[in-house]
Amino acid sequence: MDSQQIGEAYRQRHWRFLADLQKKAGMEFVVGRREGSHIWNVENSRRLLDCGNSGGVHSLGHCNPEIRQLIAESLETLDAGMWVMPTEEALAFQDTVNRADSPIPDCRTVLTLSASDAMDATIMWSFRVTGRKKVLAFKHGYHGHSGFAALATGSEAEGLLSHYSLPGDYSLFFEDYGDLDAIERTIDASCAAIIMEPMNYETFEPAPDGFLEGVQALCRRHSTLLILDETRSGLGRSGRLWMSGFYDIQPDIIISGKGLGGGYYPVGALIARSDIYDLCMNSGHWGYMASLAGSPIGARIAMKVLDIVRRPELVANVHLLERDLTTLFLALSANFPDLYRPAWVRGGIAALGLQDAQFASMIQLELFRRGVLCHSTSLITPSVVKFFPCLTSTPSIVEELGGALEDCAQSFRKQERVSTS
Ligand SMILES: Cc1ncc(COP(=O)(O)O)c(C=O)c1O
């Protein structure tokens with residue numbers, strides 16, 4: 001089938017919303033070949049620079065050869081494992097996380113099927129640890145689609161609570177990321193956990209100085225757990241292994257996923273303080289289980305990912321990306337001040353400011369036409385266009401992105417001139 005037929009079949013009998021979304025945006029694309037920082041359509045007639053990479057699923061580049069080789073070797077001797085029997089790989093994964101300077105000293109981990117799955121288990125754990133039944137989260141965040149995870153996703157745009165008519169009694173939200181007072185006003189003795197990313201989900205702005213430290217202090221004061229969702233920001237994305245490493249905090253639980261599977265395999269992880277782990281995993285017969293979770297193949301891949309993202313050359317590459325993207329965004333803002341303005345770059349988490357929210361949908365489409373898939377644009381203020389390039393990208397991708405952004409600005413200017421003349 002060609003791209004059009006697949007899109008149409010999706011519309012007929014699969015996820016219509018997705019097909020319609022692409023069509024409405026003028027961004028229809030079905031992936032065929034994929035390699036490194038680029039994807040091609042099934043006709044092999046169009047190439048896109050992937051600066052979205054599904055929020056970090058492909059952080060190590062599409063079809064990473066090292067991961068591919070590891071999987072090929074593992075398939076010779078391993079399978080999904082047997083949950084009724086201990087596996088050495090699950091223990092090795094715990095040791096790897098502990099050796100990797102986790103922000104939670106003396107932590108224990110559980111391998112899960114996905115970040116959503118890890119978040120589900122984490123919320124149940126927070127209820128068990130505290131005996132409370134509410135979670136507090138950033139209103140415009142997203143932490144997964146499965147049952148309990150959905151309780152922490154509150155924006156109109158994501159709309160999980162209202163879409164499924166989920167019980168609202170378990171969720172509390174704060175409106176502005178960085179607003180400690182709002183959290184202080186909202187947190188109470190019913191709050192089992194605060195769940196947040198170390199950056200603003202919608203705008204990519206890193207947590208402002210003192211914010212996470214302040215949240216932690218509030219959590220300690222109210223005996224509430226601090227759960228950091230590092231599904232997107234972790235695994236080297238920020239320039240450090242965990243973005244929480246930039247702050248003076250010790251979360252109680254960290255969630256990982258997406259890129260943990262090396263772009264090939266469904267793996268998530270819940271990394272917890274060891275006393276929480278013991279209470280939740282070892283004080284009854286249930287803690288976490290899924291027949292296919294913690295498979296030895298998944299564990300091996302996750303360990304390899306942790307190994308790759310801690311290599312000095314990968315870390316240096318992320319710093320180089322940060323430097324080059326920062327320089328690029330400053331130059332674009334200086335050259336096209338009517339369209340762009342600086343926002344922020346932290347490692348491979350990059351946001352370019354837009355002078356007007358009306359430019360957002362236009363810029364996404366214009367970039368797509370010029371061969372760049374951006375992550376998304378912000379649905380809240382400030383208006384930004386966001387990029388999540390592969391961490392293995394060579395500096396040439398910054399030139400490629402810069403060319404497309406400049407070209408967009410030139411054509412935007414031309415259109416402005418036409419419409420005002
Ligand atoms: C911050 C964050 N947490 C959790 C998730 C859930 O990840 P998954 O869909 O892989 O389960 C996502 C997915 O986009 C996410 O962005």
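Where is the place of proline 382? Proline 382 lies in the loop between strand E14 (376–377) and strand E15 (384–387); helices (H or I, at least four residues) and strands (E, at least two) are DSSP runs, numbered from the N terminus. The peptide bond leading from threonine 381 into proline 382 is cis, with omega near -5°.

A quick word on the ground rules. This is a predicted model, in which local features need pLDDT of at least 70 and side-chain atom pairs count only at pLDDT 80 or more, while totals for chains, interfaces and linings use all residues. Residues are numbered from 1 along each chain as its sequence is written, and side-chain values use heavy atoms, with hydrogens and water left out.

Zooming out, the protein chain splits into domain 1 (25–56 + 312–420) and domain 2 (65–309), with bounds that come from an automatic or database domain assignment. The centres of the two domains, taken over C-alpha atoms, sit 28 Å apart. Where they meet, 30 residues of domain 1 are in contact with 24 residues of domain 2, contact meaning heavy atoms within 4.5 Å.

Now for the inside. A nonpolar core is a set of buried Ala, Val, Leu, Ile, Met, Phe, Trp, Tyr and Cys residues joined through side-chain atoms within 4.5 Å; buried means under 20% relative accessible area, exposed over 50%, and partly exposed in between (1.4 Å probe, protein chains only). The largest such core has 53 residues, and Phe93, Ile183, Met196 and Phe211 have the most contacts inside it. Helix H12 (residues 296–309) gives the most to this core, with nine residues. Both domain 1 and domain 2 supply at least three residues each to this core. A second, separate core has 31 residues, including Leu49, Leu321, Ala360 and Leu405. As for phenylalanine 93, among the residues it touches beyond four places away in sequence are Thr109, Leu111, Leu260 and Met303.

Two helices are worth a look as a pair. H6 (residues 115–130) and H11 (residues 274–282) pack at an angle of about 95°, with their axes 10 Å apart. Axes here are lines fitted to C-alpha atoms, for helices over the stretch in contact, and angles run from 0 to 180 degrees between N-to-C directions. That makes H6 roughly perpendicular to H11 (angles under 35 degrees count as roughly parallel, over 145 as roughly antiparallel, 65 to 115 as roughly perpendicular and the rest as oblique). Trp125, Arg128 and Val129 of H6 meet Ile276, Tyr277, Leu279, Cys280 and Met281 of H11.

Finally, a few single residues. Serine 3, in helix H1 (residues 3–13), is buried because its relative accessible area is 17%. Setting aside neighbours within four places in sequence, serine 3 is in contact with Val30, Asn41, Val42 and Glu43. Serine 223 sits in the loop between helix H10 (211–221) and strand E8 (225–229), and counts as partly exposed because its relative accessibility is 48%. Serine 223 and threonine 130 are 93 residues apart in sequence, yet 7.7 Å apart in space, C-alpha to C-alpha.

Most residues other than glycine have a negative phi. Serine 54, in helix H3 (residues 53–56), has a positive phi of about 50° although it is not a glycine. Aspartate 106 also has a positive phi, about 55°, and its place is in the loop between helix H5 (88–99) and strand E4 (107–112).
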